Amino acid sequence: MMNTFKRRMFPLLMVVALLVVGVLQPVAAQGERSLTVGSLVELYTIDPAVGFDQAIGSSLKQFYDALFRYVGNPPEVTAWLADSYSVSDDGLKYTITLRSEAVFHDGSPVNADAVVYSAERLLRVGQGAAGLFTGVLSPGSTVAIDATTVEFTLDQPYGPFPDILTWLFIVNPAVVEANLGDDDGVTYLTDHEAGSGPFTMGRWQAAELYEFVAVDDYWRGWPSENHPSSVIRLVMREASTRRLSIESGEVDMVDWMSVDDLVALEGVNGIISAPGPTLTVYDVKMNTVEGPTADPALRRAIAYAVDYDSMQAIWGGRSTSLTGPLPPSLAISSEPMYHLDLDAARAALAESAYPDGVDLEYVYVTGLEDERRTGLVLQDSLAEIGINVTITAIPWADAVASFADPATAPDLFPLYSGTAFADPDNYLWASFHSSMAGNWTNPGHYANAEVDALLEQARAETDAAVRSDLYGQAEALILADAPNLFIAATPEDHIIGPRIPNYADNYSPVMGSMEDFYFYEVAS
Amino acid sequence: MGRPYRLNMLTFLIRRVVLIVVVLLGLSVLTFTVARVIPADPVRLAAGPRASDEQIAELREQFGYNQPLYQQYLDYMLALSQGNWGRSVVLQRDVGPDLSRYFPATLELVLVSLLIAVSLGIPLGLISATYRDRWPDQLARLFSLGGVSLPSFWLAIVLQLTLAFAVSWIPVSGRFDRVAVTPQPITGLYTIDALLTLNFEAFTMALRYLFLPSLCLSLSALATVARTVRADTLEILGMDYIRTARAIGIPEAAIILKYTLKNASLNTLTQIGLFFGYTLTGSVLVENIFSWPGIGNYAVSAALTKDFVPLLGVTLLTGFAIVMANLLTDLLYAALDPRIRYS
């Protein structure tokens, strides 16, 4: 019986032994110059005409080239596919000569026809970065003069036009046309690339793993022979998982980390936090049309009652105070107009329709701890002048839906203004022009005809000094209206491992440039 | 004279299939209605921060969101009948391929966790019953209490911090090694696909990544199975036929394994059937922590962005899986207990 038992158990024991041995095998070593990123977000698309956020922007810069590219800190618009360019005296025509050696990944040249095709497609699809060109460039206004010369005719002069061209990524027309489908290639380009950039696509497993493989003979060459051979982007939704992964060395970079994690991990195992400061403006929007905050005097009372030092403490002192609606490196005002002054707050409140105080609702996005803490500081600050603040968390999708109608838009809502391009127009137009009222950049429905006129005049001006003066006038009006509480330029949220020693030297605080793998060296 | 067994079983199956269709139809109406009446605007979200009202309206028309609600529902069901699960407005891709990618990942996690629950829970319950009120029983009951009490997400983080951080061959997160090539896709379950293609390296790799998340997910079911087996075993051990078996000298091991276990497994089968549905829908926290690319995360993302079409797809697919699991449970009941006959 015992022999029978042993005979029956032997195969099972052998299988278990093989499993144990197999499981204990070391993990296959990744390529020596392969980098791994642990990211909160998934790349739901890499279509240049659709995707428009930090992670997708970073990915687009690896697969595609644009005429210009942001490089360095402070970010400079650098000619990339463009060899040279000229602007007509009236500021309406931009004539750009392309670099003749640029080629797509299939070897075909990046020519003027490709630029025209890409511009027209972006405007036609009308999503993502197309919004940057609204009122600036119309369909049919981009023409090929010859094989390497393209001309843009603008609807009106636009000073930062080269800046927004950093978001016009050039696609290979032949590839897109061959995969057009019935949606202008949107489905195809969701998970395929048609670019000329320094990386091409490897494995692409949605919501799990995205692989960028270096193009060794990239037409611009590589700044370092130790450039990444590949970059693997892993989706890690849990912050604790990202933290463990960077700490253990499983990944080389993580994003969307809290200040607490930045402080805890700085210097551990050679880890650094990204240098910053960012150009991301964080402010609290107030509803300027409906509810109590439609009263400008009340808004000014709130602005004088906020404990701004406590606000900075949310980021452990790593943020930079704002003096107005622009980040510090672009700021026109050197001193903040509003600072903690309870006497001024009470005086403004007395002028308002709510001298005895009022109840307000602060709404923030579920899961964003910085925004929750902002609400707590506001609640505490405003209680000093008799304003009672209730705090509500809602999903981002619900918030965006509520913005469309001023009757449903919140009294107080915190918002990060991303840096699509490093120019005052990026911030001021999106947040304060009346055409953007109800969009998620202007949830408070702010509108001021004088400010509109100044912003329209400024974006059409090509002289930098004149633009600065116009923006200064607009800023003064905006500050007087106090539509927002201007809190901070937030610190960078990336944490970098020791295998990217030159990250800080190549850091650029523009959306999509905080992970510019083309410039990185990989330490052995 | 009674109807033949096979005819009764066939009638039972037909009736259950009809009921499944009715249940899923009802589920689709309920989910569609609830999802669409909640104030939300996924089109505005998808269009981006700088989209004009015209661009948003164009996108809304492109996805049919400007149609009456009943028309949208009919269009959706018609497309579904042709195998088209619709298109996500936020992700801008078809839902069908997403479901076929994410569902097997969750199914694999759930099946392995149930396998752990059964293969450890049954012996634990038997030991607990056999050594009633002695230290093995006390220890097993303490373990069971912990299993049903501890939140799986908390346990997941603790295991990551302790085991994964300390032991190099236990990965912190993910479903497969980032460098290695995944098994050739056949079922979508990496372990099964690896075995079918005789890729034992991939098989062990998949097991390595399954270990922690499935362990976390299994504990609640394991504890419940152990408690159920203990209770049923104790009841059966007190019966006359067991007393008779002991009296005639049958070894205790044979009494437990041969005469008790099968009769004690019916309630366990019910528990497993219930836990399949519970685990399938409750895996999202564990998936989130271990970056497991399953249906849970997909559903939560769709819910947070009010992306109705993926939400519908997940609900219908999960509902289908659960009713099929219940049907399988009922059929296994009949197989295990010859006294059970359906009609």
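**A tour of chains A and B**

DSSP pairing requires at least two bridges between two strands. A:Ala82 has A:Leu98 as its bridge partner in β5(A). Five residues lie between the strands of this hairpin, and A:Gly91 in the turn has a positive phi of about 75°.

This is a predicted model, in which local features need pLDDT of at least 70 and side-chain atom pairs count only at pLDDT 80 or more, while totals for chains, interfaces and linings use all residues. Residues are numbered from 1 along each chain as its sequence is written, and chains are lettered from A and ligands numbered from 1 in the order in which they are written.

Next, show both chains: 49 residues of chain A are in contact (C-beta atoms, placed from the backbone, within 7 Å) with 45 residues of chain B. On the chain A side, α1 (2–23), α6 (186–190), β10 (230–235), α7 (239–248) and α13 (396–403) each supply at least two residues.

Now select B:Ala221, in helix α9 (200–237) of chain B. B:Ala221 is buried (20 or more other C-beta atoms within 10 Å, placed from the backbone), with 26. B:Ala221 touches residues including B:Ser113, B:Leu114 and B:Phe275. B:Gln271, 50 residues apart in sequence, is 7.9 Å away, C-alpha to C-alpha.

Finish at α13 (295–304) of chain B, where the buried residues include B:Ile295 and B:Tyr298. The buried residues of α13(B) pack against α5 (95–130), α12 (284–289) and α14 (308–336) of chain B.

Key
Buried ≥ 20, exposed ≤ 12 C-beta atoms within 10 Å, placed from the backbone. Helix = DSSP H or I, 4+ residues; strand = E, 2+ residues; numbered from the N terminus. Contact = placed C-beta atoms within 7 Å. Lists of a residue's contacts leave out its neighbours within four places in sequence.
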